[in-house]
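Hello,

Here is the model I promised to hand over. Please open it alongside this note; my findings follow below.

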Amino acid sequence: MNNLFNVYPINDITITKGIGSYVWDDNGVQYLDMYGGHAVISIGHTHPHWVQRIEDQLHKIAFYSNSIKIPLQEELAAKLCQISGKTDYQLFLCNSGAEANENAMKLASFHNGRKKIIAFKKSFHGRTSLAVAATDNQKIVAPVNETENIIFLPFNDEKALEKYFAENGKEISSVIIEGIQGVGGIRIADESFLQKIRSLCDKYGAIYIADSVQCGYGRSGKFFSHDYAGVDADIYTMAKGMGNGFPIGGVLISPKIEAKFGMLGTTFGGNHLACAAALAVLEVIEKENLIEQAKLRGTYLFNRLKSIDGIENLRGKGLMIGFDVPDALKDLRKNLLFNHHIFTGAANPNVIRLLPSLAIAKKQVDEFLDVLKEEIATLSTVVTES
Ligand code: PMP
């Protein structure tokens, strides 16, 4: 009897160690991590500064209630606002991406007293009640989830958005959007679409929520992918890369929203240990110039992928890259993992997602590209021969 409830189909691999962009299994086999543990690894596995910061904190105190002063929280909020450039925003700390989105949508509703939420086709926002209701995947929505107030509009369709606002503008509490959809298959929101969301939210008093759980924290080559469009969201949510593997989430709130005492809260959010981990991440991002690095490496990877035959619909920004693989290459991901020991991500069987650490070295990118090319050539030969 397996007492563990498995939530995903499990590959028969046990990872026991990680350094930078490599991980090792229990037999000592080395794998290249082009998936970053699902966009979670931002500064690299077990970065020495991150380990040290957590260890130092662990020897002092790991957790105490939120009813006392925790200077680490203030330090983290100040650093995040400085690095992201959202200097007059305020940070609410929680534990995961779903929790961040749940609270963001709730806060928007507190703010304007409205109920309706616009989300987009192929979105993923997490698995708590509102977050899952705003996720475009019926299979994971239970009858109890609060779907009645969610409207799904087509992604990047300005006309549909405008029409919906024109007819229902005063009922709309918030619009929640990933600047680059992750689980949906690396679909980039057009800059003009984000600008349209901004202007419609302003016009009708709705709140613009930028779900930056996957595409945020420097991954796109800017701190928030929405920065490319030159817009400020009212609320940014984040998690994954924020802790580099330590669970922590955040809701970054514009000064125009008044978050009052009692509206938000959690037991574990912003505990000492999580803050130490998250601070270490920001310190490394700053010191190693990882946002610029993500842009440079991402552009290099993207341009080299362009020249590989067999890859279709290449898209992405920074180190958030996706491409389609035709049916003839359907074994590509599996072969990369089991024959070449390279982890990649999927969005559906025909999309490969690349989400490596922002600190991945050029050598490692080259290693990936060489193997990818070789494996595509092998698979193509097999198809031609059969
Ligand atoms: N938003 C986005 C864009 C995500 O990709 C995810 C996780 N895949 C979430 C929210 C949910 O985050 P968590 O699993 O930490 O609840």
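**Helix packing**

Helix 3 (residues 71–84) packs against helix 8 at an angle of about 30°, and their axes are 9 Å apart. Helices (H or I, at least four residues) and strands (E, at least two) are DSSP runs, numbered from the N terminus. Axes are lines fitted to C-alpha atoms, for helices over the stretch in contact; angles run from 0 to 180 degrees between N-to-C directions.

Before going on, two notes on provenance. This is a predicted model: local features need pLDDT of at least 70, side-chain atom pairs count only at pLDDT 80 or more, and totals for chains, interfaces and linings use all residues. Residues are numbered from 1 along each chain as its sequence is written.

Back to the pair. Helix 3 and helix 8 are therefore roughly parallel to each other. The angle classes are: under 35 degrees roughly parallel, over 145 roughly antiparallel, 65 to 115 roughly perpendicular, and the rest oblique. The crossing of helix 3 and helix 8 is left-handed (the near helix is turned anticlockwise from the far one by less than a right angle; clockwise would be right-handed). Helix 3 brings Leu72, Gln73, Glu75, Leu76, Lys79, Leu80 and Ile83 to the meeting. From helix 8 come His272, Cys275, Ala276, Ala278, Leu279, Leu282, Ile285 and Glu286.

A second pair is helix 6 (residues 158–168) and helix 7 (residues 191–204). Their angle is about 5° and their axes are 10 Å apart. Helix 6 and helix 7 are therefore roughly parallel to each other. Helix 6 makes the contact with Glu158, Leu161, Glu162 and Phe165. Helix 7 uses Ser192, Phe193, Lys196, Ile197, Leu200 and Tyr204. Contact here is between residues whose C-beta atoms, placed from the backbone, lie within 7 Å.

**Domains and core**

The chain is divided into domain 1 (15–46 + 294–385) and domain 2 (48–287). Domain bounds come from an automatic or database domain assignment. The C-alpha centres of the two domains lie 27 Å apart. Across the boundary, 23 residues of domain 1 are in contact with 24 residues of domain 2. On the domain 1 side, helix 1 (36–39), helix 9 (290–306), strand 13 (312–317), strand 14 (320–324) and strand 17 (351–354) each supply at least two residues.

The largest nonpolar core has 107 residues. Such a core is a set of buried Ala, Val, Leu, Ile, Met, Phe, Trp, Tyr and Cys residues joined through C-beta atoms within 7 Å. Buried needs 20 or more other C-beta atoms within 10 Å of the residue's own, exposed means 12 or fewer, and partly exposed is in between, with C-beta atoms placed from the backbone. Ala134, Val175, Ile209, Ile235, Ala277, Ala278 and Val281 touch the most other members. Helix 8 (residues 272–287) gives the largest share of this core, twelve residues. Domain 1 and domain 2 both give residues to this core, so it lies between them.

Ile235 touches Ala104, Leu107, Ala108, Ile207, Ile209, Val251, Leu252, Ile253 and Ser254, not counting residues up to four places away in sequence.

**Individual residues**

- Ile186 has phi near 60°, a positive value in a residue other than glycine. Ile186 sits in the loop between strand 8 (180–181) and strand 9 (187–188). Ile186 is buried, with 27 other C-beta atoms within 10 Å.
- His341 also has a positive phi, about 60°, and is not a glycine. The loop between helix 10 (332–338) and strand 15 (342–343) holds His341. His341 is partly exposed, with 17 other C-beta atoms within 10 Å.
- Ser357 lies in the loop between strand 17 and helix 11 (362–385). Ser357 counts as buried, with 32 C-beta neighbours inside 10 Å. The C-alpha atoms of Ser357 and His45 are 8.2 Å apart, although 312 residues separate them along the chain. Leaving aside neighbours within four places in sequence, Ser357 is in contact with Gly20, Ser21, Gly36, Ile41, Ser42, Ile43 and Gly44.
- Ile177 belongs to strand 7 (residues 172–178). Ile177 is buried, with 25 other C-beta atoms within 10 Å. Not counting residues up to four places away in sequence, Ile177 touches Phe120, Ala189, Ile197, Ala210 and Asp211.

Best wishes

Technical notes
Two residues are in contact if their C-beta atoms, placed from the backbone, lie within 7 Å.
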